[in-house]
Amino acid sequence: MGYVRPFDPWRVTSLCTCPFKYTVNPYTGCSHGCLYCYASSYIKRFFEPRPKADFLRVVSRDLRRIPPGSIINVSSSSDPYEPLELKYGYTRSLLDMIAGKYVVEIVTKSDIVSRDADLLMKGSSVVSMTITTLDRSLAAKLEPRSPPPERRLEAIRKLSELGIPVVVRLDPLIPGLNDSLDSVKGVLEAAATAGVKHVVCSTYKLKPDNLKRMVNEFPELIPTLRELYLSKGEKIHGYLYASPSYRLRSLTVVRDQAHKLGLTFAPCREGFPQLIDEKVSCDGTHLAFKSKRD
Ligand code: SF4
């Protein structure tokens, strides 16, 4: 199998409401070092990122079998704009091949993405920027080698001004860390002011390795995590989810704040279809199809 593959989280789609799309990761692993990262549980040496072998040749061969107009996600298991991109440029070369021919969905927490605005403007595209908190010191602990939140907001501003639709991913929402009303309001208001149109939110899911990192950095969370996850949570596809009542309550708060700001909302892989706004794709790809540049 090549590098451009159908996006199929967990090989089952019962909780994933995304439209059918492909996904491609120019790099294996990621240097951002997010404590809550899930990909580190299934990819070896995850925090030692490396470029995919023979990436551009394999991708150009893969693209021969992908129908033009399909959605291609970049990326689902790494950040396509981690610092390695400045050395190898695989993401930019990939965009050069697919922009204008496919619908491009970028998922990142790096401001390097704004470098590629020229390519993203060539056709239908949407950028999904993750911001979990505006608190710089909390972000530095949670996502130690990622660009700080203000640089991500600046990238949102630049892309939005150019007419490239941007989604904010408030992901993950972590009990006791970034789920207060003030924190949620702060992120959404800043994102809306910068030009975001749609919000995606997902609660923190436990895996043994990410839990170890989290409690090592935030030991004060242990009682909350024990109650919401170990006592009242549920296991879904190998992930330990928080209790359904916590998830519904906290996601509803995020949705209501999004609506107050005139933003659309969808949860991600949570199992509450009633929270997904009408006429939106949960991942925000609907915005790519109706970009004002079209
Ligand atoms: S940016 Fe994404 S892939 Fe990279 S470490 Fe953070 S959560 Fe994992």
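What follows is a short chat about a predicted model of a protein chain with a ligand.

Trainee: What does the secondary structure of the protein chain come to?

Mentor: Eleven helices and twelve strands. The radius of gyration is 18 Å, close to the 19 Å that the globule rule gives for 294 residues, so the chain is as compact as a globular protein of that length.

Trainee: And what does the C-alpha trace span along its principal axes?

Mentor: About 50 × 40 × 35 Å. As for burial, 47% of the 294 residues count as buried.

Trainee: Switching to the ligand, which residues are around it?

Mentor: Cys30, His32, Gly33, Cys34, Cys37, Ala39, Ser78, Asp79 and Lys109. By class, that shell has four nonpolar, three polar and two charged residues.

Trainee: Take Gly33. Where does Gly33 lie?

Mentor: In the loop between strand 3 (27-28) and strand 4 (50-51).

Trainee: Why does Gly33 count as partly exposed?

Mentor: Because Gly33 has 16 C-beta neighbours inside 10 Å, and being buried takes 20 or more, while exposed means 12 or fewer.

Trainee: Which residues is Gly33 in contact with, leaving aside neighbours within four places in sequence?

Mentor: Phe47, Pro144 and Arg145. Also, the C-alpha atoms of Gly33 and Ser146 are separated by 7.5 Å, although the two residues are 113 apart along the chain.

Trainee: New topic: which residues in the largest nonpolar core touch the most other members?

Mentor: That core has 79 residues, and the ones touching the most other members are Ile72, Val104, Val127, Ile156, Leu170, Val199 and Val254. Beyond four places in sequence, Val127 is in contact with Ile106, Val113, Leu120, Leu159, Ile164 and Val166.

Definitions and conventions. Residues numbered from 1 in each chain as written. Predicted model: local features only at pLDDT ≥ 70, side-chain atom pairs only at ≥ 80, totals over all residues. Core = buried A, V, L, I, M, F, W, Y, C linked by C-beta atoms within 7 Å. Contact = placed C-beta atoms within 7 Å. Helix = DSSP H or I, 4+ residues; strand = E, 2+ residues; numbered from the N terminus. Rg over C-alpha atoms; globule rule 2.2 N^0.38 Å. Near = placed C-beta within 6 Å. Nonpolar A, V, L, I, M, F, W, Y, C, P; charged D, E, K, R; others polar.
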